[in-house]
Amino acid sequence: MGYGSFEDMGEAPMMQQVFDARRGRKQPKRKSVDFNSTLIRHVHQRVLFRNRRERPDIQPSVAYDKELLPSAASGDNVASCMCTKHADTSVNKNNAYSHRCPVFSISWTPEGRGLIAGNSQGEFTLWDGFEFNFITIWQGHDTAVQSMTWSHSNEFMVSADKAGVVKYWMNNMNEVKKVQGHKDSVRQLSFAPSDLKFVSGSDDCLLKIWDFETGTCEREMNGHHWDVKCCEWHPTRPIILSGGKDHKTKLWDAKTGTCLDTIHAHKNTVRCLGWGVNGNWFVTGSRDQRLKLFDIRKTKEAVQSFNGHKSEITALSVHPMHETLLVSGDYNGSILHWSVGSEEPVAQRMAGEQGSHEQCIWSLAWHPMGHMLASGSNDHSCKFWCRNRPGEGLSEMGGTLAENA
């Protein structure tokens, strides 16, 4: 904003000030979620206190907001990591450069400063991870982006689309390689612990193990009798977990390509699955509205079954810090938080509540620090969910607690 000239700068009163430009528009206040303050507080407390018992307890008051710690420092208290507070909603604009369309896949950047969202038009949108504003958009695929995942070294990202094309991306989002991986839509990708190989599951009923450096298929695994909807590599071992439209969950030996076990636990399509952080158990989600937890050492029957969804389960994600906390999304747009050992959801955001999704949730992703959750939906939006401040009840922010929580 510029200022006009005065006839006499020394004696002109302030009321005679003339503006030679338009009055500036008042900037709206943007919400921001920054995890750096919690990290600084945690480092400070590590010097003052020897263990968790000596730390001061956080009381239900806004005055204790500055005492919040990162998720990794909360021990076994999963209640401090439930993200049910609606932080912001990010939607693409409808213009010549972007399209407002369903978001099928989302993934946080390795450092947690941004969220990449892949939509049904093959576009990648990068959203800021602190203030949730738009950063950039580019055309990554010719068809809908179905899956994306980062290597464990955080140097490369691999994405796949509805036409079966697999692409390599550097961490600066430059395309490195393009491979025709499958004849049909690729539903999920997952890296091996060494990053030397990755697995892909497709609607052509095949699982393929790829050499990452050369981009060649090393092995095909044909055991599902219908579409493969999900697959994930074990965190530390050469074991691959897959689920399909044939209602089956399978365990595979990645070295030989043989099927180790077939689990008949669901009555409908297995849409999503995930390994626990320690790799000793895994959880599956199905269109029969149930989540089931299995011990890898005993897969004949489920260790626990979670019943709470009122429609088919479409997305699932396990917390990166707390292996007993997981979150699931369904076709109606509801998000439920689960804790291992509790049959009912410990927290939930039901469809129809203020700030919740209006349609099917296709993807869920925890922030690498575990303090925030992102969701991509068929209602064309990405939503960001954060932890409640001390003194804020879940009911005040739209979320609800289960009766036994």
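Student: What should I know before I start?

Tutor: Residues count from 1 along each chain as its sequence is written. In this predicted model, local features need pLDDT of at least 70, side-chain atom pairs count only at pLDDT 80 or more, totals for chains, interfaces and linings use all residues, and side-chain values use heavy atoms, with hydrogens and water left out.

Student: In what order do the strands of the open four-stranded sheet run?

Tutor: Strands are DSSP runs (E, at least two residues), numbered from the N terminus, and two of them pair if DSSP finds at least two bridges between them. Here the order is S6-S7-S8-S9, with antiparallel pairing. S6 (145-150) and S9 (175-180) are the edge strands, each pairing on one side only. S6 and S7 (residues 156-161) pair over five bridges, and Ser147 has Ala160 in S7 as its bridge partner.

Student: And how many cavities of 30 Å³ or more are there?

Tutor: Rolling a probe the size of a water molecule over the atoms shows where empty space is left. A cavity is a set of points, on a 1 Å grid over the protein atoms alone, where a 1.4 Å probe fits but cannot get out; lining residues have an atom within 4 Å of a point. The structure holds one cavity of 30 Å³ or more. The largest cavity has about 70 Å³ of space, a volume being the space filled by probe spheres set on the points.

Student: Which residues lie closest to the centre of the largest cavity?

Tutor: Asn92, Val103, Ala117, Thr125 and His380, out of 13 lining residues. S3 gives the largest share of the lining, three residues.

Terms used
1 Å grid on protein atoms, 1.4 Å probe; cavity = no way out; pocket = protein on both sides within 12 Å on 5 of 7 lines; lining within 4 Å.
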